[in-house]
Amino acid sequence: MNGDTEGGDGEELGLLAFAARLRRMTAEFNRIAHEFANEHGLHTTDVQALIMIYDAPTPITPSRLRDELNITSGAVTACLDRLERAGHIRRVRDAHDRRVVHLHYLATAQEFAAAFFRPLGRSTGNALARFNPDELRTVAAFLDAMNEELAVLRSAPRSR
């Protein structure tokens, strides 16, 4: 058994078919991220860092970013130096504990990113418009479940 099943319309709905769809989408997102990085003189890791800083509900620290990106302290410092020089982020020392640094995504950087990613936003809006609210809730539930599973996978020890 290959993990694929067919829906009533003949579309493959199994594991292999979903994996292929997710790989294609990830490859396209990566291509767009590479273009953004190249246009702004950044590394792709810098773009990943920007996304994490932007998406964080509260300002994150360099050590948390290091853990999330799974890179060395030196690499995160070099990344943050590039992002700060390029005007994307600002490092702010904590008022109560000066040893703690918080990373803030700058409004001007948000404007640059919004302009660059506007076509992706339109494409996402076009795709969303093809589905009714119940279908979108199902898609959102699937994406949430995938992110949960990926978090578990990331935290699990590697078995070879």
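## Ground rules

Since the model is predicted, local features need pLDDT of at least 70 and side-chain atom pairs count only at pLDDT 80 or more, while totals for chains, interfaces and linings use all residues. Residues are numbered from 1 along each chain as its sequence is written, and side-chain values use heavy atoms, with hydrogens and water left out.

## Salt bridges

Side chains of opposite charge can pair when their charged atoms come close. Here a salt bridge is a side-chain nitrogen of Lys or Arg within 4 Å of a carboxyl oxygen of Asp or Glu, and that rule gives ten of them.

Let's start in helix α1 (residues 15-39), which holds both R31 and E35. Helices (H or I, at least four residues) and strands (E, at least two) are DSSP runs, numbered from the N terminus. R31 and E35 sit four residues apart, about one turn of the helix, and their closest N and O atoms are 2.6 Å apart. As for exposure, buried means under 20% relative accessible area, exposed over 50%, and partly exposed in between (1.4 Å probe, protein chains only). R31 is partly exposed because its relative accessible area is 39%, and E35 counts as partly exposed at 36%.

Next up, D81 and R91 meet in a salt bridge at 2.8 Å, N to O. This pair links distant parts of the chain, with D81 in helix α4 (residues 73-85) and R91 in strand β1 (residues 89-93), ten residues apart. D81 is at 27% relative accessibility, so it counts as partly exposed, and R91 is partly exposed too, with 29%.

Then there's D97 with R99, whose closest N and O atoms are 3.0 Å apart. D97 is partly exposed at 23%, whereas R99 counts as exposed because its relative accessibility is 71%.

## A nonpolar patch

L13, F18, V139, F142 and L143 form a nonpolar patch on the surface, with about 380 Å² of accessible area together. Patches are made of residues with over 30% relative accessible area and no salt bridge; like charges are joined within 9 Å, and nonpolar side chains (Val, Leu, Ile, Met, Phe, Trp, Tyr) within 5 Å. The areas come from the Shrake-Rupley method with a 1.4 Å probe, and for residues only the protein chains shown count as cover.

Helix α6 (residues 133-155) brings the largest share of the patch, three residues. V139 lies in that helix and is partly exposed, because its relative accessibility is 38%.

## The second largest pocket

Helix α6 turns up again here: it gives the most to the lining of the second largest pocket, with three residues. Both α3 (62-69) and α6 supply at least two residues each. By class, that is two nonpolar, one polar and four charged residues.

## A buried leucine

Back in helix α4, we find L80. L80 is buried, because its relative accessible area is 2%. The C-alpha atoms of L80 and A49 are separated by 8.4 Å, and the two residues are 31 residues apart along the chain.

Notes. Nonpolar A, V, L, I, M, F, W, Y, C, P; charged D, E, K, R; others polar.
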